[in-house]
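Please look at the sequence and the 3D structure shown below, and then read on for a short report that goes through the parts one after another.

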Amino acid sequence: MAKLLYIESSPRKERSASIAISKYFLDEYLKAHPADGVAVVDLWNKDLPSFDGEVINAKYAIMHGKETTPEQKRAWKPVENLITEFKSADKYVISLPMWNFTIPYRLKHYIDALVQPGYTFTFSPESGYQGLVTGKKMLLIFARGGAYGPETGAQQLDFQKSYMETILGFIGFKDIESIVIEPTMGGNKEAKEAMMKQCQEKAAAFAHSF
Ligand SMILES: Cc1cc2nc3c(=O)[nH]c(=O)nc-3n(C[C@H](O)[C@H](O)[C@H](O)COP(=O)(O)O)c2cc1C
(Lines give C-alpha, C1' and ligand atoms only; values in the text may rest on other atoms or scores of the structure.)
Protein backbone atom coordinates (compact mmCIF):
# COMPACT_ATOMS: atom_id res chain seq x y z
CA MET A 1 0.00 0.00 0.00
CA ALA A 2 1.49 3.32 -1.10
CA LYS A 3 0.97 6.71 0.54
CA LEU A 4 0.23 9.66 -1.72
CA LEU A 5 0.65 13.16 -0.32
CA TYR A 6 -1.48 15.82 -2.00
CA ILE A 7 -0.25 19.37 -1.44
CA GLU A 8 -2.73 22.10 -2.35
CA SER A 9 -1.67 25.72 -2.79
CA SER A 10 -4.62 27.62 -4.27
CA PRO A 11 -6.82 29.52 -1.79
CA ARG A 12 -9.67 29.59 -4.35
CA LYS A 13 -11.03 26.17 -3.38
CA GLU A 14 -14.25 25.46 -5.37
CA ARG A 15 -13.33 28.12 -7.99
CA SER A 16 -9.79 26.78 -8.47
CA ALA A 17 -8.81 25.08 -11.74
CA SER A 18 -5.73 23.41 -10.20
CA ILE A 19 -7.84 21.93 -7.38
CA ALA A 20 -10.60 20.79 -9.79
CA ILE A 21 -8.10 18.81 -11.90
CA SER A 22 -6.34 17.48 -8.78
CA LYS A 23 -9.66 16.25 -7.35
CA TYR A 24 -10.39 14.56 -10.66
CA PHE A 25 -6.94 12.93 -10.60
CA LEU A 26 -7.32 11.76 -6.97
CA ASP A 27 -10.76 10.21 -7.62
CA GLU A 28 -9.38 8.32 -10.60
CA TYR A 29 -6.22 7.39 -8.68
CA LEU A 30 -8.20 5.85 -5.82
CA LYS A 31 -10.32 3.89 -8.29
CA ALA A 32 -7.12 2.50 -9.86
CA HIS A 33 -5.28 2.01 -6.52
CA PRO A 34 -8.03 1.31 -3.93
CA ALA A 35 -5.58 0.05 -1.27
CA ASP A 36 -3.48 3.26 -1.29
CA GLY A 37 -3.86 6.11 1.19
CA VAL A 38 -4.09 9.81 0.37
CA ALA A 39 -3.04 12.50 2.89
CA VAL A 40 -3.81 16.16 2.20
CA VAL A 41 -1.71 19.21 3.06
CA ASP A 42 -3.75 22.38 2.46
CA LEU A 43 -1.16 25.14 2.60
CA TRP A 44 -3.81 27.79 3.39
CA ASN A 45 -4.87 25.84 6.47
CA LYS A 46 -1.52 24.78 7.85
CA ASP A 47 0.80 26.39 10.38
CA LEU A 48 4.07 27.04 8.59
CA PRO A 49 7.07 27.85 10.83
CA SER A 50 8.13 31.47 10.60
CA PHE A 51 11.69 31.53 9.32
CA ASP A 52 13.32 33.99 11.69
CA GLY A 53 14.72 34.21 15.25
CA GLU A 54 15.89 30.86 16.64
CA VAL A 55 14.61 28.97 13.58
CA ILE A 56 17.01 30.76 11.26
CA ASN A 57 19.79 30.49 13.89
CA ALA A 58 19.17 26.72 14.03
CA LYS A 59 19.38 26.48 10.23
CA TYR A 60 22.76 28.23 10.16
CA ALA A 61 24.07 26.15 13.09
CA ILE A 62 23.11 22.97 11.21
CA MET A 63 24.59 24.29 7.95
CA HIS A 64 27.90 24.97 9.73
CA GLY A 65 27.90 21.60 11.50
CA LYS A 66 27.53 23.21 14.94
CA GLU A 67 25.54 21.86 17.90
CA THR A 68 22.15 23.61 18.24
CA THR A 69 21.16 25.21 21.56
CA PRO A 70 18.06 23.94 23.46
CA GLU A 71 16.13 27.05 22.24
CA GLN A 72 17.17 26.37 18.66
CA LYS A 73 16.19 22.69 18.98
CA ARG A 74 12.75 23.70 20.25
CA ALA A 75 12.30 26.28 17.47
CA TRP A 76 13.52 23.80 14.84
CA LYS A 77 11.06 21.03 15.82
CA PRO A 78 8.15 22.29 13.62
CA VAL A 79 10.54 22.35 10.62
CA GLU A 80 11.57 18.75 11.36
CA ASN A 81 7.92 17.71 11.73
CA LEU A 82 7.04 19.25 8.37
CA ILE A 83 9.96 17.44 6.70
CA THR A 84 9.04 14.12 8.36
CA GLU A 85 5.45 14.46 7.15
CA PHE A 86 6.67 15.23 3.63
CA LYS A 87 9.19 12.39 3.49
CA SER A 88 6.68 9.82 4.79
CA ALA A 89 5.00 9.62 1.36
CA ASP A 90 5.84 7.45 -1.65
CA LYS A 91 4.13 9.62 -4.25
CA TYR A 92 3.25 13.31 -4.42
CA VAL A 93 0.81 15.58 -6.18
CA ILE A 94 1.30 19.34 -5.86
CA SER A 95 -1.34 21.64 -7.35
CA LEU A 96 -0.42 25.28 -7.84
CA PRO A 97 -1.61 28.49 -9.47
CA MET A 98 0.79 30.81 -11.25
CA TRP A 99 1.12 34.01 -9.25
CA ASN A 100 3.19 36.80 -10.78
CA PHE A 101 4.88 34.32 -13.12
CA THR A 102 5.93 32.07 -10.25
CA ILE A 103 4.39 30.22 -7.30
CA PRO A 104 2.07 31.40 -4.45
CA TYR A 105 3.93 32.57 -1.36
CA ARG A 106 2.43 29.88 0.88
CA LEU A 107 4.01 27.22 -1.32
CA LYS A 108 7.33 29.09 -1.34
CA HIS A 109 7.15 29.27 2.47
CA TYR A 110 6.55 25.51 2.61
CA ILE A 111 9.52 24.88 0.28
CA ASP A 112 11.75 27.19 2.37
CA ALA A 113 10.96 25.00 5.41
CA LEU A 114 11.32 21.73 3.49
CA VAL A 115 14.63 22.24 1.71
CA GLN A 116 17.19 21.74 4.46
CA PRO A 117 20.76 20.40 4.49
CA GLY A 118 21.01 16.98 6.10
CA TYR A 119 17.26 16.37 5.68
CA THR A 120 16.34 16.76 2.02
CA PHE A 121 19.77 17.38 0.46
CA THR A 122 23.45 17.09 1.34
CA PHE A 123 26.60 18.82 0.20
CA SER A 124 30.18 17.66 0.19
CA PRO A 125 33.14 19.16 -1.69
CA GLU A 126 33.75 15.73 -3.28
CA SER A 127 30.22 14.98 -4.54
CA GLY A 128 28.65 18.48 -4.58
CA TYR A 129 24.91 18.72 -3.87
CA GLN A 130 22.87 15.54 -3.63
CA GLY A 131 19.11 15.21 -3.14
CA LEU A 132 17.91 12.90 -0.37
CA VAL A 133 14.27 12.47 -1.47
CA THR A 134 14.85 9.75 -4.03
CA GLY A 135 12.89 6.97 -5.73
CA LYS A 136 9.57 8.84 -5.42
CA LYS A 137 7.05 10.00 -7.99
CA MET A 138 5.82 13.56 -8.37
CA LEU A 139 2.90 14.97 -10.35
CA LEU A 140 2.68 18.77 -10.67
CA ILE A 141 -0.67 20.32 -11.63
CA PHE A 142 -0.13 23.91 -12.80
CA ALA A 143 -2.86 26.49 -13.48
CA ARG A 144 -2.23 29.80 -15.25
CA GLY A 145 -4.50 32.64 -16.28
CA GLY A 146 -2.48 33.14 -19.50
CA ALA A 147 -0.68 30.71 -21.79
CA TYR A 148 3.07 30.10 -21.78
CA GLY A 149 3.70 27.30 -24.31
CA PRO A 150 6.48 27.50 -26.95
CA GLU A 151 4.05 28.90 -29.55
CA THR A 152 3.03 31.89 -27.35
CA GLY A 153 6.36 33.74 -27.21
CA ALA A 154 5.80 34.07 -23.44
CA GLN A 155 7.69 30.92 -22.46
CA GLN A 156 10.53 32.83 -20.78
CA LEU A 157 8.02 34.34 -18.30
CA ASP A 158 7.15 30.92 -16.90
CA PHE A 159 9.13 30.72 -13.68
CA GLN A 160 6.39 28.56 -12.13
CA LYS A 161 7.20 25.26 -13.89
CA SER A 162 10.94 25.85 -14.18
CA TYR A 163 11.25 26.73 -10.48
CA MET A 164 9.26 23.70 -9.29
CA GLU A 165 11.23 21.31 -11.49
CA THR A 166 14.53 22.85 -10.37
CA ILE A 167 13.86 22.80 -6.63
CA LEU A 168 12.29 19.31 -6.67
CA GLY A 169 15.20 18.02 -8.79
CA PHE A 170 17.55 19.60 -6.25
CA ILE A 171 16.07 17.55 -3.38
CA GLY A 172 16.20 14.33 -5.41
CA PHE A 173 13.09 13.97 -7.57
CA LYS A 174 13.85 12.51 -11.00
CA ASP A 175 10.40 11.26 -11.93
CA ILE A 176 8.35 14.47 -12.36
CA GLU A 177 5.18 14.49 -14.47
CA SER A 178 3.04 17.53 -15.13
CA ILE A 179 -0.37 18.72 -16.25
CA VAL A 180 -0.56 22.36 -17.38
CA ILE A 181 -4.00 24.01 -17.22
CA GLU A 182 -3.89 27.14 -19.40
CA PRO A 183 -5.28 29.65 -20.17
CA THR A 184 -7.83 29.70 -17.33
CA MET A 185 -8.71 33.37 -17.96
CA GLY A 186 -10.09 35.08 -21.03
CA GLY A 187 -11.29 33.18 -24.10
CA ASN A 188 -14.77 31.79 -24.53
CA LYS A 189 -16.65 29.29 -22.38
CA GLU A 190 -16.45 26.49 -24.97
CA ALA A 191 -12.66 26.80 -25.36
CA LYS A 192 -12.21 26.70 -21.58
CA GLU A 193 -14.45 23.65 -21.24
CA ALA A 194 -12.52 21.85 -24.01
CA MET A 195 -9.20 22.73 -22.32
CA MET A 196 -10.45 21.45 -18.93
CA LYS A 197 -11.71 18.25 -20.59
CA GLN A 198 -8.26 17.64 -22.11
CA CYS A 199 -6.66 18.12 -18.68
CA GLN A 200 -9.15 15.64 -17.15
CA GLU A 201 -8.18 13.08 -19.79
CA LYS A 202 -4.49 13.58 -18.98
CA ALA A 203 -5.27 13.29 -15.25
CA ALA A 204 -7.18 10.03 -15.81
CA ALA A 205 -4.28 8.58 -17.84
CA PHE A 206 -1.72 9.57 -15.15
CA ALA A 207 -3.97 8.16 -12.40
CA HIS A 208 -3.54 4.68 -13.87
CA SER A 209 0.19 4.84 -14.64
CA PHE A 210 1.22 6.79 -11.48
C1 LIG B 1 -2.02 37.09 -7.03
C2 LIG B 1 -2.27 36.54 -8.41
C3 LIG B 1 -1.27 36.63 -9.36
C4 LIG B 1 -1.47 36.08 -10.63
N5 LIG B 1 -0.45 36.15 -11.53
C6 LIG B 1 -0.58 35.57 -12.76
C7 LIG B 1 0.49 35.56 -13.69
O8 LIG B 1 1.58 36.07 -13.44
N9 LIG B 1 0.30 34.97 -14.88
C10 LIG B 1 -0.89 34.37 -15.21
O11 LIG B 1 -0.98 33.81 -16.30
N12 LIG B 1 -1.93 34.34 -14.34
C13 LIG B 1 -1.79 34.91 -13.12
N14 LIG B 1 -2.83 34.88 -12.21
C15 LIG B 1 -4.06 34.13 -12.58
C16 LIG B 1 -4.03 32.71 -12.06
O17 LIG B 1 -2.83 32.03 -12.43
C18 LIG B 1 -5.23 31.92 -12.60
O19 LIG B 1 -6.42 32.52 -12.12
C20 LIG B 1 -5.18 30.45 -12.19
O21 LIG B 1 -6.32 29.81 -12.71
C22 LIG B 1 -5.14 30.31 -10.68
O23 LIG B 1 -5.14 28.95 -10.31
P24 LIG B 1 -6.39 28.36 -9.51
O25 LIG B 1 -7.56 28.49 -10.46
O26 LIG B 1 -6.05 26.95 -9.23
O27 LIG B 1 -6.56 29.18 -8.27
C28 LIG B 1 -2.69 35.42 -10.95
C29 LIG B 1 -3.69 35.35 -9.96
C30 LIG B 1 -3.48 35.88 -8.71
C31 LIG B 1 -4.56 35.77 -7.67
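Of the 17 residues around the ligand, which come nearest? They are Ser18, Pro97, Gly145, Gly146 and Thr184, as found in this model, which is predicted. The shell around the ligand is made up of eight nonpolar, seven polar and two charged residues, and helix 1 (residues 17-32) gives the most to it, with three residues.

Five strands form an open sheet, in which the order is 2-1-3-6-7 and the pairing is parallel. Strand 2 (37-42) and strand 7 (175-181) stand at the edges with a single partner strand each, so one side of each has no neighbour in the sheet. From one strand to the next, the twist averages 15°.

Within this sheet, strand 3 (residues 91-97) and strand 6 (residues 137-143) run parallel and are joined by seven bridges, and Ser95 has Ile141 in strand 6 as its bridge partner. Helix 5 (residues 159-170) packs on the sheet, where it touches strand 3, strand 6 and strand 7, and its direction makes about 160° with that of strand 6.

Strand 1 and strand 2 also run parallel, with six bridges between them, and the bridge partner of Leu5 in strand 2 is Ala39. Five of the six residues of strand 1 are buried, so this strand is largely enclosed by the rest of the structure.

**A separate pair of strands**

Strand 4 (residues 121-124) and strand 5 (residues 128-131) pair in the antiparallel sense over four bridges, and a hairpin joins strand 4 to strand 5 through three residues. Thr122 stands opposite Gln130 in strand 5.

How does the span of helix 1 agree with its number of residues, and what covers its buried residues? At 1.5 Å a residue, the 16 residues should span 22 Å, and the end C-alpha atoms are 23 Å apart, which agrees. The buried residues of helix 1 include Ala17, Ser18, Ile19 and Tyr29, and what covers the buried residues of this helix includes strand 1 (3-8), strand 3, strand 6, strand 7 and helix 6 (189-209).

Leu107 has its place in helix 4 (residues 105-114). Leu107 is buried, because 24 other C-beta atoms lie within 10 Å, and the cut-off for a buried residue is 20 or more. If its neighbours within four places in sequence are left aside, Leu107 is in contact with Ser9, Leu43 and Leu96. Leu107 and Ile56 are 51 residues apart in sequence, and from C-alpha to C-alpha they are 18 Å apart in space.

**Backbone details in the loops**

A cis peptide bond joins Glu182 and Pro183, with an omega of about -10°, and Pro183 is found in the loop between strand 7 and helix 6.

Technical notes. Residues are numbered from 1 along each chain as its sequence is written. This is a predicted model: local features need pLDDT of at least 70, side-chain atom pairs count only at pLDDT 80 or more; totals for chains, interfaces and linings use all residues. Two strands pair if DSSP finds at least two bridges between them. Helices (H or I, at least four residues) and strands (E, at least two) are DSSP runs, numbered from the N terminus. Axes are lines fitted to C-alpha atoms, for helices over the stretch in contact, and angles run from 0 to 180 degrees between N-to-C directions. Two residues are in contact if their C-beta atoms, placed from the backbone, lie within 7 Å. A residue is near a molecule or strand if its C-beta atom, placed from the backbone, lies within 6 Å of it. Ala, Val, Leu, Ile, Met, Phe, Trp, Tyr, Cys and Pro count as nonpolar, Asp, Glu, Lys and Arg as charged, and the others, Gly among them, as polar. A residue is buried if 20 or more other C-beta atoms lie within 10 Å of its own, exposed if 12 or fewer, and partly exposed in between; C-beta atoms are placed from the backbone. The expected span of a helix is 1.5 Å times one less than its number of residues.
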